[in-house]
Amino acid sequence: MNLIIGILTVFVCTIGGYVLEGGHMKVLLDAAPLELVIMGGTAAGGFIIGNPPIVIKRSLRGLGLLIKKSKYNKMSYIELLCMMYQVFKLAKTKGLLMLEKHIENPHDSSLFGQFPGFQNNHHATDFFCDYLRLVTLGSDKPYELEALMDEEIEVHHGEDHAMVTAINNVADSMPAIGIVAAVLGVIHTMGSITEPPEVLGRLIGGALVGTFMGVWTSYGVIAPMANSMRAILEAESKYFQCLKIGLLAHLQGFAPSISVEYARKTLLSEVRPTFAEVEEATSALPAPTA
């Protein structure tokens, strides 16, 4: 929704201001389609040349995040904290081995099925279950697992950063690509130098549309989209940090309620549930069963 509102605001205010000051829309409308072909094709070609296929695919998928409502809100974190509480309580009361069937097939697990938002987040589910599996296999030293978790989160963050960088590079290139389009327009104008002034005026105006569109799309659309994507991906990274802190607290022997509180404290203020909200939610959970 923010993407649509933002683009409409940029478009209406820019074009509306141009029209109100007496600008001629015909010049823009005549030149814009061809300028878009030149600039869009150049930007797309440079994007393909400058990025490996995996980054291109992830970037295109990542753009879809901009039109979706964020799934990382207070309710999703309450669910996450409740999930960890239930898992840690089962491990404390019935032993780690009781977690094996849930860890090995988490997407069909009745335990994780109580928390569909988490269960349907395949990356988060795999992350959590992989480290629980290591614990059941005997790797229970918190500092060793913390280093491994940090490395995995850093790898994931690097992949996300590559997408944002790729889109930012397109934004940075658009003003220069706009100049290229403008130069082509000037070349076309110079080839028509014998035309009357009103024709030359339209041709020069059309050439300048390239410079305008390059700067406009860069700073008004593409760069803000990259920043928005960065914020969305950082929110996802925080979700994994929450899982990490909760699991490490559990490995250090804390009670489930304390481990969950450690995890809660890592959350951003706008999505962090209160202690009372988490306590109320965990108190309403059924007794964990193997």
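User: In this predicted model, is Lys74 buried, partly exposed or exposed?
Analyst: The model is predicted. Lys74 has a relative accessible area of 30%. Buried requires under 20% and exposed requires over 50%, so Lys74 falls in between and is partly exposed.

User: Which residue meets Lys74 in a salt bridge?
Analyst: In general, side chains of opposite charge can pair when their charged atoms come close. For the side chain of Lys74, the N to O distance in the salt bridge is 3.6 Å. That is within the 4 Å limit for a salt bridge, and the partner is Glu277.

User: How many residues apart in sequence are the parts that Glu277 and Lys74 tie together?
Analyst: Glu277 lies in helix H12 (residues 275–283). Lys74 lies in helix H4, which covers residues 74–94. The pair therefore ties together parts whose separation in sequence is 203 residues.

User: What is the relative accessible area of Glu277?
Analyst: Glu277, the salt-bridge partner of Lys74, counts as partly exposed. Its relative accessible area is 29%.

User: How far is Ser269 from Lys74 in space, C-alpha to C-alpha?
Analyst: Ser269 lies in the loop between helix H11 (256–264) and H12. It counts as exposed, at 60% relative accessibility. Along the sequence, Ser269 and Lys74 are 195 residues apart. In space, their C-alpha atoms are separated by 9.6 Å.

User: Are helices H4 and H10 roughly parallel or roughly antiparallel to each other?
Analyst: The axes of H4 (residues 74–94) and H10 (residues 197–251) come within 11 Å and cross at roughly 25°. The crossing is right-handed. Angles under 35 degrees count as roughly parallel, so H4 and H10 are roughly parallel.

User: What separates the C-alpha atoms of Ala91 and Gly214?
Analyst: Ala91 is found in helix H4 and is buried, with a relative accessible area of 11%. Along the chain, Ala91 and Gly214 are 123 residues apart. Their C-alpha atoms are separated by 58 Å.

User: Are H8 and H9 roughly parallel or roughly antiparallel to each other?
Analyst: Helix H8 covers residues 122–136, and helix H9 covers residues 142–190. Their axes come within 12 Å and cross at roughly 160°, and the crossing is right-handed. Angles over 145 degrees count as roughly antiparallel, so H8 and H9 are roughly antiparallel.

User: Which helices hold Arg133 and Glu104?
Analyst: Arg133 forms a salt bridge with Glu104, and the closest N and O atoms are 3.1 Å apart. The pair ties together parts that are 29 residues apart in sequence, because Arg133 lies in helix H8 and Glu104 in helix H5 (residues 100–104).

User: Is Glu104 buried or exposed, and what is its relative accessible area?
Analyst: Arg133, its salt-bridge partner, counts as partly exposed at 23% relative accessibility. Glu104 is exposed, and its relative accessible area is 53%.

User: Which residues make the nonpolar surface patch of about 440 Å²?
Analyst: One of its members, Ile187, lies in helix H9. Ile187 is exposed, with a relative accessible area of 55%. That value is over the 30% needed for a patch residue. The patch is made by Ile179, Val180, Val183, Leu184 and Ile187.

User: How far apart are the C-alpha atoms of Leu63 and Val164?
Analyst: Leu63 lies in helix H3 (residues 53–63) and is partly exposed, with a relative accessible area of 28%. Leu63 and Val164 are 101 residues apart along the chain. The separation of their C-alpha atoms is 9.9 Å.

Terms used:
Residues numbered from 1 in each chain as written. Predicted model: local features only at pLDDT ≥ 70, side-chain atom pairs only at ≥ 80, totals over all residues. Heavy atoms only, no water. Patch = residues over 30% accessible without salt bridge, like charges linked within 9 Å, V, L, I, M, F, W, Y side chains within 5 Å. Areas by Shrake-Rupley, 256 points an atom, 1.4 Å probe, with all protein chains shown as cover. Helix = DSSP H or I, 4+ residues; strand = E, 2+ residues; numbered from the N terminus. Buried < 20%, exposed > 50% of the residue type's maximum accessible area, 1.4 Å probe, protein only. Axes fitted to C-alpha atoms, helices over the stretch in contact; angles between N-to-C directions. Parallel < 35°, antiparallel > 145°, perpendicular 65-115°, else oblique. Left-handed = near helix turned anticlockwise from the far one by under 90°.
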